[in-house]
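Subject: Structure for you to look at

Hi,

Here is the structure I promised to send over. Have a look, and my notes follow below.

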Amino acid sequence: MHHRTRAPIAAALLLASLIGCAPESGDHAGPWATDPSPTFEEFAATAYVEPETGLYIVDGDVPLVGVEGLRAYYDARFGTSGAEHDGHIGTVHHALSVHTVNGADDVWGPGLVELTYCVHRAFGQRHRAMVEAMRAATADWDHRGRVSFRYVPEEDPYCDPSNDRVVFNVQPTSGQPYYARAFLPSTPRVYRNILVDEQAWHAPPYTMTGFMRHELGHVLGFRHEHARRADLPYHCAPEPNDHRPLTAYDPASVMHYPWCHGAASGDFTLTLSDREGMVSVYGGEARCIIGDYDGHNCFVAQAPAGTEPFVWQNDLYITPYEYCSVGVSDGINCLVLEAQPGTESFVWGIGLYTTRPANGVCPVGDYDGHNCFVSYIPPGTEGFVWNGGLYVTPRRTCPIGLGDGHNCLVARTPEGMDGFVWGGGLYTTPHH
Ligand SMILES: [Zn+2]
């Protein structure tokens, strides 16, 4: 997971914030963790400059054009006088926050916008995989609003920032301190590309599709969700002066670095709040209120091994996972002790017992002065005797979902959608 550190030492502290950084470095405190106000010159001296383009890259993968761009970012982040810091970043829509320039949202439009793109042939043998990652990631953001993405394969042989027949291009790079970086809607065409570093292909649990989901969020104008927190280490770039939360902060957002106290444990994926934020800016509908749109339906969850998915009253359930904490499963119940000759098995209180045999020696368990105590009955189970043997019912647990006493409720199907089971998974139909 460690990113390569080829950058000059002066840049090392800021580089810790890049998307390539290892989560375990997450508590590293930068020089301004205690002094929140470096001078602009001090701040500029640590900014990473992308050699190819001369762009400043801050907060991992956010490109800024020229010293003016860096200055505006600095003012937004550290400035205290309202006029300057209000000018750059900071309107929050739902759980996403959108970049602003001079007080106006930095978004595409107004009106219908088709964001066309090509994928550079220089991806070589990975070209198909890159095209597929972009297809899947753009599909996740597509909510049939006024902005859509369209791949233009004819432009792949000419896929660089000088190509004005597409809105942006996707290109490989290497040796960068980030996995990938994108741009914002106001970025001029000459810088309007998604650069994908070689190391992004080898960064589990993150997939190329996951990285592209995050980068496309920037392409749409969305800022880092973790920037809304003021209690993070320096390298997570808190911006305490300019966030204006309207709804709940979303630590699982696709725009939240997981290693900056995020809640997502796997790949970068869109949350309902991300979808709602997208819809609030660009219109359309979140196709899936729960689950992920797979191109046809909304995938909610796979039933874990040992459970069965089912739908009841249109809601999504699994049967609980059953196991024997005492005894051995016979397929249905837990056999604790087979019938013992010369004794009688019985249940008393919360224990399983046999009577004491004529020879006075308990076959199993301890003599309690009257009988042979074999086992306690585990909480949540029942003890019983069958064919002379001692049994308990299995314990039940919900590996996913919430137990209702019988089964595990994984998700309530939203109004207007249908829940269904397919291939061991739980789904809902999408919005139409
Ligand atoms: Zn980012």
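I'd start with strand 11 (residues 193-197): five of its five residues are buried, so the strand is largely enclosed by the rest of the structure. N193, L195 and D197 point one way from strand 11, I194 and V196 point the other way, and all are buried. Bear in mind that this is a predicted model.

As for its neighbours, strand 9 runs parallel to strand 11, with five bridges joining them; N169 has N193 of strand 11 as its bridge partner. Strand 10 pairs with strand 11 in the antiparallel sense, over two bridges, and here A180 stands opposite V196.

These strands belong to an open sheet of five, in the order 8-7-9-11-10, with mixed pairing. Strand 8 (147-151) and strand 10 (180-181) are at the edges with a single partner strand each, so one side of each has no neighbour in the sheet.

The buried residues in helix 5 are M130, A133, M134, A137, T138, D140 and W141. They cover an arc of only 150 degrees around the axis, which puts them on the same side of the helix. What covers them includes strand 7, strand 8 and strand 9, along with helix 6 (208-219), helix 7 (272-282) and strand 12 (292-293).

Cheers

Notes:
Residues numbered from 1 in each chain as written. Predicted model: local features only at pLDDT ≥ 70, side-chain atom pairs only at ≥ 80, totals over all residues. Pairing = 2+ DSSP bridges. Helix = DSSP H or I, 4+ residues; strand = E, 2+ residues; numbered from the N terminus. Buried ≥ 20, exposed ≤ 12 C-beta atoms within 10 Å, placed from the backbone. Arc of directions from axis to C-beta. Contact = placed C-beta atoms within 7 Å.
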